[in-house]
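Please read the following report alongside the sequence and the model, which are shown next.

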Amino acid sequence: MDIAIVGAGQAGVSLATRLRALKHDGAITLIGEEPVAPYQRPPLSKNYLLGDKSFDSLLLKPASFYEEQSIDLLTGKQVAGIDRVNQRLDFSDGATHGYDALALTTGSAARKLPAEIGGALEGVFTLRSAQDVDAISASLFATGERSDGKPGRVLIVGGGYLGLEAAASATKRGLQVTLIEMGDRILQRVAGTETSAFFRALHHSHGVDLREGVGLDYLIGTDRVRGARLSDGSELDVDVVVVAIGVDANAGLARAAGLEVENGIVVDAQCQTLDASIFAAGDCTSFPHGDSHIRLESVGNAIAQAEAAAGSITGATEPYVAKPWFWSDQYDAKLQIAGLNMGYDRVVTRNRTGSAPSFWYFHGDELLAVDAVNDGRAYMAGKKLIEMGRTADPDLIADPGHDLKLLLRR
């Protein structure tokens, strides 16, 4: 059986690797649009933007791996269409590639600012690829050459984890950073007010001009950005703009091929689309979780779902059950998240020290999720409880003197 994988990111590499581990001995072709070997994306807004990591250190596998595993890696190749009737991929350069089974691991794409408000100006960037970060870094270094001797001025648009990580990295590089979030608070979509408050204070302490409830009206500049007009009527002098306003699933190929798409490529518990020969995994998918479908943007899900898809392709029937976990590094704070806090009605704070709190999300008596800052023990205890389908006494959690390991024995 010849298997084609479209999308050479974390999910695509994990799927190909798992297929070989499952003893699949047919052809595997891994196809990526970027002209480089598959690499990790999480460090892009952190160590790579800081200049602490080289591109080679980001590679998911050494070049020799693909040859050793007989995985045909095609880089710089754009798939223009899927011919489901003939089970064939059509490339933009006119080439074609047949398949017996197809896996879509196309990931997601960063949302951009509209051109009419300055989104196409030079100096305005999204942060999704290594190429993006290379361009941002080159522009940031250029700001150090300002004739007035002042630090370069960076505007971050968006107060989610990516925007906050970019703000931390830019600040650590000595730049003057303003971050705006049009919502009432940073992290509003993904975390409770307690987590937001912790990171708000953290960024303030490092000199970030963090403005919540403030959006962007338009950017100012002819060819290159030089300023921004905000929704509160204020104006900023700006040298570089980093746009971190979310991502959308790369589902265009699937939609054009007639597959079901709703907030991602819709798959069942076996990672299979409505076409029995086409599977999907990672950021691009909408999959069953409880009584609904969800889409997760995380390394953990990309790996686990891709491995489940490999199993389904080779005949396994076990359903994929997500065990969500995430992380974010900002300054000296490491945030680790277990579970999904959707539907919470109570947050319990555990605070061993001011710099290492954890926030536990409950719906009634049910433990849904944990946000742990610089507290790996709280994260692991919460993760294990959630994955075992167990809860814990909120009063014991809130007691910083109570050993969390005891919660796992009850």
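## Basis of the model

The model is predicted, so local features need pLDDT of at least 70 and side-chain atom pairs count only at pLDDT 80 or more, whereas totals for chains, interfaces and linings use all residues. Residues are numbered from 1 along each chain as its sequence is written, and side-chain values use heavy atoms, with hydrogens and water left out.

## Salt bridges

Side chains of opposite charge can pair when their charged atoms come close. A search of the whole structure finds 17 salt bridges, a salt bridge being a side-chain nitrogen of Lys or Arg within 4 Å of a carboxyl oxygen of Asp or Glu. One of them joins the side chains of K77 and D93 at 2.8 Å, N to O. This pair links distant parts of the chain, 16 residues apart, with K77 in the loop between β3 (71-74) and β4 (79-83) and D93 in the loop between β5 (88-91) and β6 (96-98); helices (H or I, at least four residues) and strands (E, at least two) are DSSP runs, numbered from the N terminus. D93 is exposed, with a relative accessible area of 54%, where buried means under 20%, exposed over 50% and partly exposed in between (1.4 Å probe, protein chains only).

A salt bridge also connects R88 with D83 at 3.2 Å, N to O; R88 is partly exposed at 29% relative accessible area, while D83 is buried at 16%. The side chains of E297 and R295 meet in a further salt bridge of 3.1 Å, N to O, in which E297 counts as partly exposed at 34% relative accessibility and R295 is buried at 14%. Elsewhere, salt bridges that share partners join D83, R88 and D90 into one network.

## A positive surface patch

R377, K384, K405 and R409 gather on the surface in a patch of positive charge. Such patches are made of residues with over 30% relative accessible area and no salt bridge, with like charges joined within 9 Å and nonpolar side chains (Val, Leu, Ile, Met, Phe, Trp, Tyr) within 5 Å. Within this group, K405 is placed in the segment after α10 (394-398), and K405 is exposed, its relative accessible area being 55%.

R18 belongs to helix α1 (residues 10-21) and counts as partly exposed, at 35% relative accessibility. Although R18 and A306 are 288 residues apart in sequence, their C-alpha atoms are 8.1 Å apart in space. Leaving aside neighbours within four places in sequence, R18 is in contact with E307 and A310, contact meaning heavy atoms within 4.5 Å.

T178, by comparison, lies in strand β11 (residues 176-181) and is buried, with a relative accessible area of 8%. When neighbours within four places in sequence are set aside, T178 is in contact with V154, L155, I156, D209, R211 and L236.

## Positive phi angles

Most residues other than glycine have a negative phi, and most peptide bonds are trans. N263, which is not a glycine, has a positive phi of about 55°; N263 is found in the loop between α7 (252-256) and β18 (265-266) and is exposed, with 52% relative accessible area.

Y331 also has a positive phi, near 55°, in a residue other than glycine. Y331 occupies the loop between β22 (325-330) and β23 (333-339), where Y331 is buried, with a relative accessible area of 13%.

Methods. Accessible areas come from the Shrake-Rupley method with a 1.4 Å probe; for residues, only the protein chains shown count as cover. Lys and Arg count as positive and Asp and Glu as negative; His and the chain ends are not counted. The place of a charge is taken as NZ of Lys, CZ of Arg, CG of Asp or CD of Glu.
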